[in-house]
Amino acid sequence: MSDMNQLETAMVLLMQTFDKYAAGQGNRDALTQAEAKTLLEKELPGLIKASKNPEKVEEMLKSLDLNGDKEIDFSEFMVLVNCVACNFREVLMN
Ligand SMILES: [Ca+2]
Ligand SMILES: [Ca+2]
């Protein structure tokens with residue numbers, strides 16, 4: 001990873017994080033709802049804390065499943081990363 005620039009490294013980290021949790025059960029290339037929840041709790045605890053309502057998190061996870069196959073693939077995961085990043089930016093910039 002040493003000859004990669006920052007943004008490339010960040011993308012590899014995103015892929016590795018996704019793969020780590022996706023490999024747990026069922027399809028190794030997609031997150032089940034349970035895997036997605038674990039990922040959020042472990043990797044984005046601030047997000048979980050910010051939404052005090054656990055039902056909201058479940059709702060958000062369901063809405064991420066754009067193609068309705070009950071799992072979250074990498075492109076669907078990136079939608080979440082995008083949303084979280086934009087929210088973070090807003091918080092950091094204000
Ligand atoms: Ca899986
Ligand atoms: Ca899906």
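This is a predicted model: local features need pLDDT of at least 70, side-chain atom pairs count only at pLDDT 80 or more; totals for chains, interfaces and linings use all residues.
Me: What should the span of α5 be, and how far apart are its ends?

Reply: Helix α5 has 20 residues, 74-93, and at 1.5 Å a residue they should span 28 Å. The C-alpha atoms at its ends are 28 Å apart, which agrees.

Me: Now α4. Which residues are buried there?

Reply: Val-57, Leu-61 and Leu-64 are buried in α4. Their arc around the axis is only 60°, which puts them on the same side of α4.

Me: What do they pack against?

Reply: The buried residues of α4 pack against α2, α3, β2 and α5.

Me: Which residues are exposed on the other side of α4?

Reply: Glu-55, Glu-59 and Lys-62 are exposed there.

Me: Changing topic: how many aromatic pairs are there?

Reply: The count is three. One of them joins Phe-18 and Phe-74 edge-to-face, with 5.2 Å centre to centre and 75° between the planes.

Me: Where do Phe-18 and Phe-74 sit in the chain?

Reply: Phe-18 is in helix α1 and Phe-74 is in helix α5, 56 residues apart, and the pair links these distant parts of the chain.

Me: Why does Phe-18 count as buried?

Reply: Because its relative accessible area is 1%, and buried means under 20%.

Me: Which other ring pairs with Phe-18?

Reply: Phe-77 does, in a tilted pair with 5.3 Å centre to centre and 45° between the planes. This pair also links distant parts of the chain, since Phe-18 in helix α1 and Phe-77 in helix α5 are 59 residues apart.

Me: Is Phe-77 buried or exposed?

Reply: Phe-77 is buried, and so is Phe-18. Ring pairs link Phe-18, Phe-74 and Phe-77 into a cluster.

Me: Zooming out, how many helices and strands are there?

Reply: The protein chain has five helices and two strands. Along the sequence the pattern is α-β-α-α-α-β-α. The chain has a radius of gyration of 14 Å, close to the 12 Å that the globule rule gives for 94 residues, so it is as compact as a globular protein of that length.

Me: What share of the 94 residues is buried?

Reply: Buried residues make up 22% of them.

Me: What about contacts between residues 24 or more positions apart?

Reply: They account for 39% of the contacts in the protein chain with a separation of 6 or more.

Me: Last one: where is confidence lowest, and where highest?

Reply: The lowest is in α3, with a mean of 79, and the highest is in β1, at 98. For the protein chain the mean pLDDT is 90, and 98% of residues reach 70 or more.

Definitions and conventions. Residues are numbered from 1 along each chain as its sequence is written. Chains are lettered from A and ligands numbered from 1 in the order in which they are written. Side-chain values use heavy atoms; hydrogens and water are left out. Helices (H or I, at least four residues) and strands (E, at least two) are DSSP runs, numbered from the N terminus. The expected span of a helix is 1.5 Å times one less than its number of residues. Rings of Phe, Tyr and Trp (its six-membered ring) pair if their centres lie within 6.5 Å; planes under 30 degrees apart count as stacked, over 60 as edge-to-face and the rest as tilted. Buried means under 20% relative accessible area, exposed over 50%, partly exposed in between (1.4 Å probe, protein chains only). pLDDT is the predictor's confidence in each residue, from 0 to 100. The radius of gyration is taken over C-alpha atoms; the globule rule is 2.2 Å times the number of residues to the power 0.38. Contact means heavy atoms within 4.5 Å. The arc is that of the directions from the helix axis to the C-beta atoms.
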